[in-house]
Amino acid sequence: AALRELSRTGMPQRYEKEYLRKDGTRVPVEMFVHRVADDGNNLRYFYAFVTDISERKRAQETLQAERDRMQQYLDVAGVMLAVMDREGTVTLINRKGCGILGYTEEEILGRNWFDSFLPEALRSDVKGVFNRIMDGDLASVEYHENPVLTKSGEERIIAFHNTILTG
């Protein structure tokens, strides 16, 4: 498929595949394939840079396993756990949080917390609390109560224990 795309567009293509060594072991590689044409833009030959990405793959698998384990820990907690970035976009939520809000994880992740899960009348006040936390004033708003808006439109009052995650 990559060579077909390269032939069609003339643009270098990057893709991953596995090579089989003589000893039978498989090695993941990244291929970066180029096309060389003559003056009439007729194909002369292809050449490729091949890079062993075994270490990168191992690191990705280790990271994914850690994420999966962390998600399992979060999912057994009997409380809603939600993580937002500095803009208020939800980057992580546990199963209990999904249940409280009535959404699937996929429906929640990537959405702005304030615009999506708070009653409109409270958005600016809760954004103010969030901004105080982001500015380092956690002590005065470590504990905060406010309603959240469920998928069905119901308001549910939630007691939040806020903290800042770093790293």
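Author: Glu16 is partly exposed, because its relative accessibility is 40%, and partly exposed covers the range between under 20% for buried and over 50% for exposed. The model is predicted, and the values below should be read as computed from it.

Glu16 meets Arg56 in a salt bridge between their side chains, with 3.8 Å from N to O. This pair links distant parts of the chain, since Glu16 belongs to strand E1 and Arg56 to helix H2 (residues 54-76), 40 residues apart. Arg56 has a relative accessible area of 35%, so Arg56 is also partly exposed. The N to O distance of 3.8 Å falls inside the 4 Å limit for a salt bridge.

The pair is part of a wider arrangement. Arg14, Glu16, Glu30, Arg56 and Lys57 are joined in a network of salt bridges. For the structure as a whole, the salt bridges number eleven.

Another of these pairs is made by Lys151 and Glu107, whose closest N and O atoms are 2.8 Å apart. Here too the pair connects distant parts of the chain: Lys151 is in the loop between E6 and E7, Glu107 is in helix H4 (residues 105-108), and 44 residues separate them. Lys151 counts as partly exposed because its relative accessibility is 47%. Glu107, with a relative accessible area of 29%, is partly exposed as well.

Lys127 and Asp115 also meet through their side chains in a salt bridge, at 3.7 Å from N to O.

Strand E6 (residues 143-149) pairs with strand E7 (residues 155-161) in the antiparallel sense, over seven bridges. Within this pairing, His144 has Phe160 of E7 as its bridge partner, and Asn146 has Ile158 of E7. The hairpin has five residues between the strands, and in it Gly153 adopts a positive phi near 95°.

Thr150 is another residue of the loop between E6 and E7. Thr150 counts as buried because its relative accessibility is 6%, whereas Lys151 at 47% is partly exposed. The side chain of Thr150 makes a polar contact of 3.1 Å with the side chain of Ser152. Setting aside residues up to four places away in sequence, Thr150 touches Ile100, Leu101, Tyr103 and Arg156.

Back in strand E1, which spans residues 13-20, there is Gln13. Gln13 has a relative accessible area of 17%, so Gln13 is buried, while Glu16 of that strand is partly exposed at 40%. The side chain of Gln13 comes to 3.0 Å from the backbone oxygen of Met11. Neighbours within four places in sequence aside, Gln13 contacts Ala2, Glu5, Leu6, Met31, Phe32 and Val33.

Gly88 sits in the loop between strand E4 (82-84) and strand E5 (90-93). Its relative accessible area is 0%, so Gly88 is buried. Not counting residues up to four places away in sequence, Gly88 touches Arg111, Asn112, Trp113, Phe114 and Phe130.

Leu3, Leu43 and Phe46 make up a nonpolar surface patch, and together they have about 240 Å² of accessible area. Of these, Phe46 is in strand E3 (residues 43-52). Phe46 is partly exposed because its relative accessibility is 32%, and that value is over the 30% required for membership of a patch.

Methods: Residues are numbered from 1 along each chain as its sequence is written. This is a predicted model: local features need pLDDT of at least 70, side-chain atom pairs count only at pLDDT 80 or more; totals for chains, interfaces and linings use all residues. Side-chain values use heavy atoms; hydrogens and water are left out. Patches are made of residues with over 30% relative accessible area and no salt bridge: like charges are joined within 9 Å, nonpolar side chains (Val, Leu, Ile, Met, Phe, Trp, Tyr) within 5 Å. Accessible areas come from the Shrake-Rupley method with a 1.4 Å probe; for residues, only the protein chains shown count as cover. Helices (H or I, at least four residues) and strands (E, at least two) are DSSP runs, numbered from the N terminus. Buried means under 20% relative accessible area, exposed over 50%, partly exposed in between (1.4 Å probe, protein chains only). Two strands pair if DSSP finds at least two bridges between them. A polar contact is a pair of N or O atoms within 3.5 Å; within protein, one must be able to donate a hydrogen and the other to accept it, and residues adjacent in sequence count only if both atoms are side-chain atoms. Contact means heavy atoms within 4.5 Å.
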